[in-house]
Amino acid sequence: MNPFFVKAGKSDAALIRELAREAWIPTYAPILSEAQLGFMFEEWYSISGIEKSMQEGQQFELLFLEENTPAGYAAYSLASADHAKLNKIYILPVFKGKGFGKSLIKHIEILVKNAGRKVLQL
């Protein structure tokens with residue numbers, strides 16, 4: 001499966017929310033209470049929360065596999081003249097361990113470098 005990437009816009013907020021439901025929640029469910037998990041998910045991954053992140057400068061990239069299967073996402077921001085920050089990166093559990101996260105990070109590195117940044121902070 002060859003991954004490809006798509007810059008997300010506000011029209012992709014519902015897809016990002018669904019990917020977060022499938023990837024973010026299982027990541028944090030073992031370490032957060034159900035109440036805290038629900039609060040954080042709604043704060044960060046409501047449609048308005050995603051749109052707010054975009055308005056504040058986070059740039060979302062979607063990871064797709066062949067046949068347009070969404071497999072994950074990342075968000076980064078250009079923090080300063082030399083630095084960028086990787087704010088989020090999540091791969092759906094079914095696709096973990098197959099190198100797709102590494103591909104997504106490499107893609108973000110290229111975008112950051114093309115934007116004139118020298119450092120990508122995690």
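H107 is buried, as its relative accessible area is 16% (buried means under 20%, exposed over 50%, partly exposed in between, with a 1.4 Å probe and protein chains only). This is a predicted model, where local features need pLDDT of at least 70, side-chain atom pairs count only at pLDDT 80 or more, and totals for chains, interfaces and linings use all residues. Residues are numbered from 1 along each chain as its sequence is written, and side-chain values use heavy atoms, leaving out hydrogens and water.

## Exercise 1

Find where H107 sits and what it is in contact with.

**Solution.** 
- Step 1: H107 is part of helix α4 (helices are DSSP runs of H or I, at least four residues, and strands are runs of E, at least two, numbered from the N terminus).
- Step 2: Skip the neighbours within four places in sequence, and H107 is in contact with F5 and E61 (contact means heavy atoms within 4.5 Å).

## Exercise 2

Work out which residues of α4 are buried and which are exposed.

**Solution.** 
- Step 1: F100, L104, H107, I108 and V112 are the buried ones. They sit on the same side of α4 because they cover an arc of only 135° around the axis (the arc of the directions from the helix axis to the C-beta atoms).
- Step 2: Over on the other side of α4, K102, I110 and K113 are exposed.
- Step 3: The buried residues of α4 pack against several strands, including β1 (4-7) and β2 (59-65).
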